[in-house]
Amino acid sequence: MDTNHIEKHEEDTHLDGGVSERGTRDLQVAAVVNNESEVDSRYEKRSRVITSEELLMVIKHYGLKKDDDDDRDLGVESFFGCGRLWPWLLHKFLNIFFPIVSIILFTFIFPILLLFRLCRFCVRSVFREKLAGKVVLITGASSGIGEHLAYEYAKHGASLVLVARREELLTTVARKAMEIGSPDAIVVKADVSKLQDCKRFVDEAIKHFGKVDCLVNNAGTGIVGLFEDQLCITDHASVMDINFWGSVNATHFALPHLKKSKGRIVVIGSCGGWFATSGVSVYNASKVAQQSFFETLRIELGSDIGITMVTLGMVDTPLANDDFLTEANLKWLPKESVEGCAKAIVNSAIRGDEYLTEPGWMHTVFLWVILLSDLMYLIRRFIVVTSLKTSLQKWKSLNTGSFQPLDLKHN
Ligand SMILES: NC(=O)c1ccc[n+]([C@@H]2O[C@H](COP(=O)([O-])OP(=O)(O)OC[C@H]3O[C@@H](n4cnc5c(N)ncnc54)[C@H](OP(=O)(O)O)[C@@H]3O)[C@@H](O)[C@H]2O)c1
């Protein structure tokens, strides 16, 4: 974990040399347990396991009521007497009527909503955002989707801030983007999983261009392999640090500038966030976390900053290379060209779309997952079984000794 996150956590607990509200309550409990009048702020006192006698002391001190388990023993009288009847009846009522009412409402609302979306799409397609003179910051611009997003934004005349760890590749991308039509492009070597790097590349963008109009959270990575075969589980922390925290960190520092410019955040997510396939458990989880974060941010920000959530299927990039697809048994999924994908993303962002799923047909898979979840589970389970067979055959052809779990880690 980034040390900055640890520092932040410590700050929360020791506000102004004191403790936060939650911290204070924890420490009060610790003080009661330790029979102390003075609150001791050392962590170890708060984190040790308390004995049952000490727990009773705490309950006595705070007058805490014994909870659910004990109430259950009290029988019918308490059920009617303690006010649990009405919540119980309410839930029974909602269990039966809410689905029925929802289905009736859907049949009315859905066609109207579809018509509204169609009209909005037409209007937005005509009045698209003009990118000339705008500044677009792209993370993970040294290869794959990020690189081609840079070329696509360059075609629209946007100035670029290109971020990634491989500086030489970034410089080549920047040069090519300027040949295509970008008036100016700077490169910043940075690691999005490091908080200070995120602050630095936003600062450098502001120093050079004076503003940021669009942040594209694209940098991402993945480790492939069945979860139980993983030899080193801590390797997976980097996936979360880059895919989730990388987007959060960059957004944190860019937010004030995006507010000023009434700008946009483009988030490159994955269909794996809602269509879980085997072999990429932590990667999928990182994309769910990323999506959930930006859905919440969208509600908090309202119309101040637009957010385009992109969920991608399989795109032909160095990340989705043959080794990766073989290990995750995803070779059967048709890949989209990276150029086509980048074009669709930029068109969607300048239309001001809230969501884009690319390729478009993956949208329908979402319906299958929601409506036919059991069947979809069986299909995906079958894929895992065949993938296990493939792994076993591969191992047999490579090894003659005793069985070892396959290290399917891919960097
Ligand atoms: N390809 C697909 O099928 C697919 C499907 C769904 C979603 N996606 C998403 O699309 C995004 C782009 O992936 P891609 O397919 O274009 O893969 P890619 O070609 O491997 O590109 C990944 C980019 O992220 C950068 N990056 C990785 N770790 C970084 C870090 N710590 N700090 C800064 N930059 C970092 C890499 O640059 P450096 O190594 O130079 O730092 C590279 O430019 C990812 O978020 C991925 O999850 C891809």
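What share of the 411 residues in the protein is buried? Buried residues account for 31% of them. The structure discussed here is a predicted model, and the protein in it has 16 helices and 7 strands. Contacts between residues at least 6 apart in sequence give a further view of the fold: 68% of them join residues at least 24 apart.

Two packed helices are described by the angle between their axes and the distance between the axes. For helix α10, residues 195-209, and helix α11, residues 237-261, the axes come within 8 Å and cross at roughly 30°. Angles under 35 degrees count as roughly parallel, and α10 is therefore roughly parallel to α11. The crossing in which α10 passes α11 is right-handed. On the α10 side, the contact is made by Leu195, Cys198, Lys199, Val202 and Ile206; α11 contributes Asn249, Ala250, Phe253, Ala254 and His257. Sorted by class, the residues of this contact are 7 nonpolar, 2 polar and 1 charged.

Helix α11 also packs against helix α12, which spans residues 281-301. The axes of α11 and α12 come within 8 Å and cross at roughly 10°, so these two helices are roughly parallel to each other. From α11, the residues in contact are Val239, Met240, Asn243, Phe244, Ser247 and Val248. They meet Val282, Tyr283, Ser286, Lys287, Ala289, Gln290 and Phe293 of α12. By class, the contact of α11 with α12 comprises 8 nonpolar, 4 polar and 1 charged residues.

The backbone of Lys262 has a phi near 50°, a positive value in a residue other than glycine. Is Lys262 buried or exposed? Lys262 counts as exposed because it has 11 C-beta neighbours inside 10 Å, and a residue is classed as exposed if 12 or fewer lie within that distance.

Strand β5, residues 264-270, brings the account to the ligand. Both β5 and α8, residues 144-155, supply at least two residues each of the shell around the ligand. Helix α8 gives the most, with 3 residues. In total, 28 residues surround the ligand, and the closest are Gly140, Gly144, Arg165, Gly220 and Leu319. The shell divides by class into 13 nonpolar, 12 polar and 3 charged residues.

Asp316 is found in the loop between β6, residues 306-312, and α13, residues 322-327. With 17 other C-beta atoms within 10 Å, Asp316 is partly exposed. Which residues does Asp316 touch, not counting those up to four places away in sequence? The residues are Lys335, Glu336, Ser337 and Val338. The C-alpha atom of Asp316 is separated by 9.2 Å from that of Cys341, which lies 25 residues away along the chain.

The other loop connects β7, residues 355-358, with α15, residues 362-371, and contains Pro359. The peptide bond from Glu358 to Pro359 is cis, with omega near -5°.

Conventions: Residues are numbered from 1 along each chain as its sequence is written. This is a predicted model: local features need pLDDT of at least 70, side-chain atom pairs count only at pLDDT 80 or more; totals for chains, interfaces and linings use all residues. Axes are lines fitted to C-alpha atoms, for helices over the stretch in contact, and angles run from 0 to 180 degrees between N-to-C directions. Helices (H or I, at least four residues) and strands (E, at least two) are DSSP runs, numbered from the N terminus. Angles under 35 degrees count as roughly parallel, over 145 as roughly antiparallel, 65 to 115 as roughly perpendicular and the rest as oblique. A crossing is left-handed if the near helix is turned anticlockwise from the far one by less than a right angle, and right-handed if clockwise. Two residues are in contact if their C-beta atoms, placed from the backbone, lie within 7 Å. Ala, Val, Leu, Ile, Met, Phe, Trp, Tyr, Cys and Pro count as nonpolar, Asp, Glu, Lys and Arg as charged, and the others, Gly among them, as polar. A residue is near a molecule or strand if its C-beta atom, placed from the backbone, lies within 6 Å of it. A residue is buried if 20 or more other C-beta atoms lie within 10 Å of its own, exposed if 12 or fewer, and partly exposed in between; C-beta atoms are placed from the backbone.
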